Amino acid sequence: MTRIHHLNCGTLHAPPNPAASCHCLLLEDANGLALVDTGIGLHDVRDPLGRVGQVLIDAAGFQFHEDQTAARRIESLGFRAADVNHIVLTHADPDHTGGLADFPHAQVHISVEEHAAVANAYCRYVPAHFAHGVDWKLHSAPGMNWFGLDARPVSPGFASEVLLVPLFGHTVGHCGVAVRQGTRWVLHVGDAYYLRVELERDDHPVSALTAQRADDNVRRIESLAHLRRLARDHSAEIDLFGYHDFTEFPSA
C-alpha cells in the first residue's frame, strides 16, 4: 500500500484572517514518489516579487520560508526532489503551484478544465509557475462512480488507487484527490472549503471569503454539499481534509 505523508508546504497569513496552511501530500510507493499540490516553492522564496508579486503577497499573505517548501520537506524525510515522478494538482492557484519548478521532470496531472484556464492565462494564475515547461497529463472523461461522484483515475503505477474527483466551483476545474488506503480512502479536498467548520455551518465568517474567491459560487456550494454528504454518510470509509486548515493535520 502506498504510504501517505502529510506536509505543510507553506503558510499564508493576511490579518485579520487566521494563518492558513498549504497542506500537501507526499505519496511514497515502491515505484516512486508523488506529490498532491506543491505549496510555495524554492523559486518563490528566492524571488518573491518576481515570481508572485507584491499585490498577491499582500492579498493572500504569502510567507516565504525555505524549510517549509516541498523540496526541503521531502529531503528531511530522506528522499530527493528527483525521486518525485508525479504531481497531482487540485487546481492551479499560486499557493498550490509554487513548487512545480522544483520538480521539473515530474508529470503533472490536472483536470482538462483547469488546464484550459491555465493555457488561456486566466488572471488568477501566475505564469511564472509554469514557465519552466510543465509535462502536463490531462484528465477529462469520468472513469468511475466514487461514492456518488464522478472520478477520473490517475495512473502513477502505484500500489494504491489515485483519483481526481471533480469538486468544481472554487475554480473552473478544481478537483479533490482520493487515495485508497486499504479498505478506506483519504480525500484531499483542496480548496473546496477553507476551514473544516464549513462542513457544519454556513454562517462562519470564512464562508464569505470562500464565496468571494470562487469562480462559480453556485457550483462551489454544490461541491460543498457533496462533501457534507460524504462526511455524514461515509465517515467510516473516507478521511477528508482541506488545504488550509492547520487543525486537520494528523496528530503525531
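**Figure 1. Strand β12 and its burial in the predicted model.** Four of the five residues of strand β12 (residues 184-188) are buried, so the rest of the structure largely encloses this strand. Buried stands for under 20% relative accessible area, exposed for over 50%, and partly exposed for the range in between, with a 1.4 Å probe and protein chains only. Strands are DSSP runs of E with at least two residues; helices are runs of H or I with at least four; both are numbered from the N terminus. This is a predicted model: local features need pLDDT of at least 70, side-chain atom pairs count only at pLDDT 80 or more, and totals for chains, interfaces and linings use all residues. Residues are numbered from 1 along each chain as its sequence is written, and side-chain values use heavy atoms, without hydrogens and water.

Figure 2. Strand β11 (residues 175-181) runs antiparallel to β12, and five bridges join them. Two strands count as paired if DSSP finds at least two bridges between them. R180 stands opposite W185 of β12. Two residues lie between the strands of this hairpin, where G182 takes a positive phi near 65°.

**Figure 3. The pairing of β12 with β13.** Strand β13 (residues 238-241) pairs with β12 in the parallel sense, over four bridges. H188 has F241 in β13 as its bridge partner.

**Figure 4. The seven-stranded sheet.** This open sheet has the strand order β4-β1-β2-β3-β5-β6-β7, with mixed pairing. At its edges are β4 (62-63) and β7 (135-139), each pairing on one side only. Inside the order, strand β3 (residues 32-36) runs parallel to strand β5 (residues 84-88), joined by four bridges. V36 stands opposite V88 in β5. In a regular strand, side chains alternate between the two faces of the sheet.

**Figure 5. The setting of these views in the whole chain.** The protein chain has eight helices and 13 strands. Its radius of gyration is 17 Å, close to the 18 Å that the globule rule gives for 252 residues, so the chain is as compact as a globular protein of that length. The radius is taken over C-alpha atoms, and the rule is 2.2 Å times the number of residues to the power 0.38. The C-alpha trace spans about 45 × 45 × 40 Å along its principal axes. Buried residues make up 56% of the 252. Of the contacts (heavy atoms within 4.5 Å) between residues at least 6 apart in sequence, 62% join residues at least 24 apart.
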